[in-house]
Amino acid sequence: MTGTTPAVRHQEPAAGRPGDPWWTLSAVSLASVLTGLGGNTLNVALPSVVRHFHAGPAAANWMLLAFMLANTVLIVVFGRFADMFGRRAMYLSGLGAYTFASLLLGFAPTAWTVVGLRVLQAAGGAMLLANSAAIVTDAFPRERLGRAMGVYTASFSIAQLAGPTLGGYLTDAFGWRWVFWYNVPFGVLCLVWGAVALRPVEAASRERGVDVPGNVLVLAGLGGLLFGLSQVNERGWHSPAVLAGVAVFAVLLPVFLAVERRAARPVVDTALFRDVPFALGQLATFLNATARMGAVVLLALFFQSAQGDDPVTAGLKVLPMSAVAVLASTGAGFLENRVGARTMTVAATALTTLGLVELLAVIARDVPYAAVAAGLMLLGAGSGTFLPSNATALLSGLPSHRLGIVNAMRLMVQNTGVVVSTALAFSIIAGPVPAALRAHVFAGDLSRVSGQGVQQLVVGYRYALACMAALSALAVLACLGTSRAERAR
């Protein structure tokens, strides 16, 4: 990467001892399952939490939104802190904060207390996410990094597979509080194993000091954008809340760039974007997340609103994507050693595009499940391959003192794509449906209310899938440009 110094690797410890790369990978993957399960289990248990507190729509929305916003805007901050103070210390602190917040959440007396504690839980999760891939990258030599990234990424897919089922079981058998409390023994186990398995190392950077203006601008600007987009589904694109959130981001972005160019220790090193492969790789990250996640969310809703399935059946029907993603993530690392990470990202985005095009071609009210499952499996293969390959391509070869912040930037861009995707997808599918019926779309009972409304909903799905496919095609072009720029060096 232009302007960087060669990566410095620590001498690899003997196998079977603390600091061994595979011990490190096991600790990171175990914690990734913990945090991945956290989001998926609450999604299923949310109605029970809302009923318990007699919470209104705003509180219910913020139980999920508070975590998403806080996690996204804090990732880049903790990435910088990790480079300054040490990734191991930051990682273990994140595990402690996440576990402690989970304990308190089970005792929450009000709905808004749940919202506040979700912010603390998100802060712990951000400490983990900002460091996980960087820790794996620093532990493994280049020739084995792709395989390790595949295993690490597969841990999230495993959490997606198990999360809804676990959340439903815990809620039905023990009550909603155990959706949070089960994290406590699991978190303590992760904390103990992390303390044993992760090698104590000095901070990667000797620089001290925090870019306070940059951090504040990140929180305000990105927070405003994500808040505004999160309101699209409920209030529409012309809502003052949506427009204000987007306006805050638009105004603060140039201010942020100007501040960061002059900062002695910038929270986001804008000079990195002068490197064409890095810039295009981040663009591909955003486009891939925007295209992929919208389709996943929409199809789970399609089975309920258009075909009348119950939530459990709908959840089971989207499992093929996660199952294939697990296989693709673990297999991607082996192929990377043969063809290279950049080539794998091109193939992955092409698979995602093919899956979206297939879904666009078959989507209809009475579409056979096998046709939808085929598209889901293509999406799973694409996402399972893209995530580890893209992480390897962006992080491999970086000096150790830049791993934390670059990985945090990657995750921030990816999470922003997820929020943009959700806002776009829900807004597009609801467009052709009459305003009086839109509540039934998101309640999942449209098929029992209006047959004409379902036909209009299908039209909205075609528009949305066409939009997602176009974005995915742009991701393919970004990946091709990345590979070409890398070869031209």
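The model is predicted, so local features need pLDDT of at least 70 and side-chain atom pairs count only at pLDDT 80 or more, while totals for chains, interfaces and linings use all residues. Residues are numbered from 1 along each chain as its sequence is written, and side-chain values use heavy atoms, with hydrogens and water left out.

**Overall**
- The protein has 18 helices and zero strands, taken as DSSP runs numbered from the N terminus (helices H or I, at least four residues; strands E, at least two).
- Of its 489 residues, 56% are buried (under 20% relative accessible area, 1.4 Å probe, protein chains only).
- Of the contacts between residues at least 6 apart in sequence, 82% join residues at least 24 apart; contact means heavy atoms within 4.5 Å.

**Helices H11 and H18**
- The axes of H11 (residues 276–305) and H18 (residues 451–487) come within 8 Å and cross at roughly 160° (lines fitted to C-alpha atoms over the stretch in contact; angles from 0 to 180 degrees between N-to-C directions).
- H11 is therefore roughly antiparallel to H18 (angles over 145 degrees).
- By class, the contact of H11 with H18 has 24 nonpolar, eight polar and one charged residues.

**Leu34**
- Leu34 lies in helix H1 (residues 21–53) and is buried, at a relative accessible area of 0%.
- Apart from neighbours within four places in sequence, Leu34 contacts Leu95, Tyr98, Tyr182, Asn183, Phe186, Gly187 and Cys190.
- The C-alpha atoms of Leu34 and Ser155 are 9.3 Å apart, with the two residues 121 apart along the chain.

Key:
Parallel < 35°, antiparallel > 145°, perpendicular 65-115°, else oblique. Nonpolar A, V, L, I, M, F, W, Y, C, P; charged D, E, K, R; others polar. Buried < 20%, exposed > 50% of the residue type's maximum accessible area, 1.4 Å probe, protein only.
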